[in-house]
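Q: I have a model open here and would like to talk it through with you, chain by chain. Could you take my questions as they come?

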Amino acid sequence: MNFENIGGMKMEVKKIAVLGAGIMGHGIAQVCAQAGYQVNLRDTKDEFVETGISKIRKFLGGSVERQRMTQAEADAILGRIKGMTDLKEAVKDVDIVIEAIVEDINIKKGVYKELDQICRPDTIFASNTSAQSITEMAMATKRPDKFIGMHWFNPPQLMRGIEVITHDKTSKETLDIMVGLCKKLGKEPGICKDSPGFIVNRLIQIWYNEGLNMFDEGIAEPQDIDTALKVAYNFRMGPFELRDMVGLDVALASTGTQYRELMREQFRPPRCLIMKVKAGDLGRKTGRGFYEYKSER
Amino acid sequence: MKIRAINIIGEGELATKLKELVSKADFKVIASELTGDYARQAADVDLVLEVAPEDIAVKKRVFKSCDAKCGKETILATTTANPWVTQLAKATKRPEKVIGLNFTKNPFEEKYLVQIVRGLQTSDETIQAVKEFLGKVGVTAVKLEENPGFILDRVIASIVNEAAVMYSSKLATKGDIDSMMKVCVNWPMGPFEFADTIGVDKVVEILESMSQQLGPRYQPCFLLRKMVDAGWLGKKTGRGFYLYS
């Protein structure tokens, strides 16, 4: 990857801050450290930071057990990750901030406003949001050209794709640096303009909704729809199985958001999903969704 | 009602494949051509499997002739991908014994999925008999009510259409759209790879049929129509969303 821009300025990413040590944040920090970067992992409370780091330690321990890496390598990776709660310290001298905090646009905008003041002027801001507008967050800063989306998939250590989200003011240099970073992390970037659901969540929503709508319309049963897609085209799971796994309440919320934002009939939440949520049948986690999971409880 | 003897009527790749599949399962199989006296050959079978071209007039003729010559109990099945079961039933005097059996070939492996399509008048006995038959043949089958796009075409054409909207509005490249669906959520193919495999012309046909019956949200993206006009139909013409040599 060529990191040089027209002016000959060179930005080499060395140090990364990851904000949020939750499910996504700790995994992102681990992937960055595995690729050789110095990582500051920051969350608001010591216990959150500790939980995140202990999960990384556990993951790496598993890798050592399966002989995917040596103990020395695992130690070196952990050695590159510094946990902390002080925001100022966490972002001091970093080249990129990857934000993976709670999905609340107002909280995110508040954090970006603060970051804009305490970070080096050339620090790039990358948000791991899946649902919020990159444009709106970028405009909360005075550096929209250095603002970009970096949407990881769960679990970050294992999922190879990252959606890189640009908005109208993202500079070519910022995009190039981000694409280069993804590749150095061993990931496959896909570039998408800021829009609801980006690529993956928008298209998969259609796949889910068409499946669920057929059930609503009395055309076929969940099992027949799932089986058809798996056997004919090798989808690993069908839409009903996957909805049950993710949780129907989560599914309804994301479908609802896309329907409100894209304002197209294709995204309207299916009736069966609404009724299941009303009935408290949220999928695997409650033992019943579109299927029954009695033995697993 | 037990199915023992089958008459497969039609030519082409699918007809040949079906003969092979059914013969392996130890049924008595008669293969007839549309140009021959297929109805007479169908007189003593338990199941007629029509594999004629996707032309409703041709199919109606087949159903009408078979209805006149076959025994009262014989089931008449169409392999059409179109929602024509109830229409074909009307060409016979045995609407409860008319059913759809649509075979879809898995693009990665040598296996088929059968969509059992129930017309408005198809009886439960008929469904039960074909289910048993397909079980012995050893293919996976699913059941649905007759409806445009059945299960598979409806889902696949819809994702292709949405992806075409995203690509033509320049949200992302087609390569990035395909690769993200594969690496982020494990889809077996990206939407444009699906389109090129199935045929862009077929995708547009399915969408048009769905938009007529189910509403304007299925209207094909204009990019897809232009591709059909340009002859970019997918793998079969050497060019679709991608180039094939």
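**Chain A, then the sheet of chain B**

A: Gladly; this is a predicted model, and in chain A 47% of the 297 residues count as buried.

Q: OK, and how many helices and strands are there in chain A?
A: Chain A holds 12 helices and 8 strands. Its radius of gyration is 21 Å, close to the 19 Å that the globule rule gives for 297 residues, so chain A is as compact as a globular protein of that length.

Q: What box do the C-alpha atoms of chain A fill?
A: Taken along the principal axes, the box is roughly 60 × 45 × 35 Å. As for contacts in chain A between residues at least 6 apart in sequence, 63% of them join residues at least 24 apart.

Q: Switching to chain B, what's the strand order in the open sheet?
A: The 7 strands of that sheet in chain B run in the order E2-E1-E3-E4-E5-E6-E7, and the pairing is mixed. Strand E2 (28-32) and strand E7 (140-145) of chain B each have a single partner strand, so these edge strands are each left with one side lacking a neighbour in the sheet. From one strand to the next, the twist averages 25°.

Q: And in which sense do E5 and E6 of chain B pair?
A: Strand E5 (residues 98-105) and strand E6 (residues 112-118) of chain B are antiparallel, with 6 bridges; Asn102(B) stands opposite Gln115(B) in E6(B).

Q: Which strands does helix H5 of chain B lie across?
A: Helix H5 (residues 124-137) lies across strand E3 (47-50), strand E4 (75-78), E5, E6 and E7 of chain B, and it runs at about 170° to E6(B).

Conventions. Residues are numbered from 1 along each chain as its sequence is written. Chains are lettered from A and ligands numbered from 1 in the order in which they are written. This is a predicted model: local features need pLDDT of at least 70, side-chain atom pairs count only at pLDDT 80 or more; totals for chains, interfaces and linings use all residues. Two strands pair if DSSP finds at least two bridges between them. Helices (H or I, at least four residues) and strands (E, at least two) are DSSP runs, numbered from the N terminus. Axes are lines fitted to C-alpha atoms, for helices over the stretch in contact, and angles run from 0 to 180 degrees between N-to-C directions. Two residues are in contact if their C-beta atoms, placed from the backbone, lie within 7 Å. The radius of gyration is taken over C-alpha atoms; the globule rule is 2.2 Å times the number of residues to the power 0.38. A residue is buried if 20 or more other C-beta atoms lie within 10 Å of its own, exposed if 12 or fewer, and partly exposed in between; C-beta atoms are placed from the backbone.
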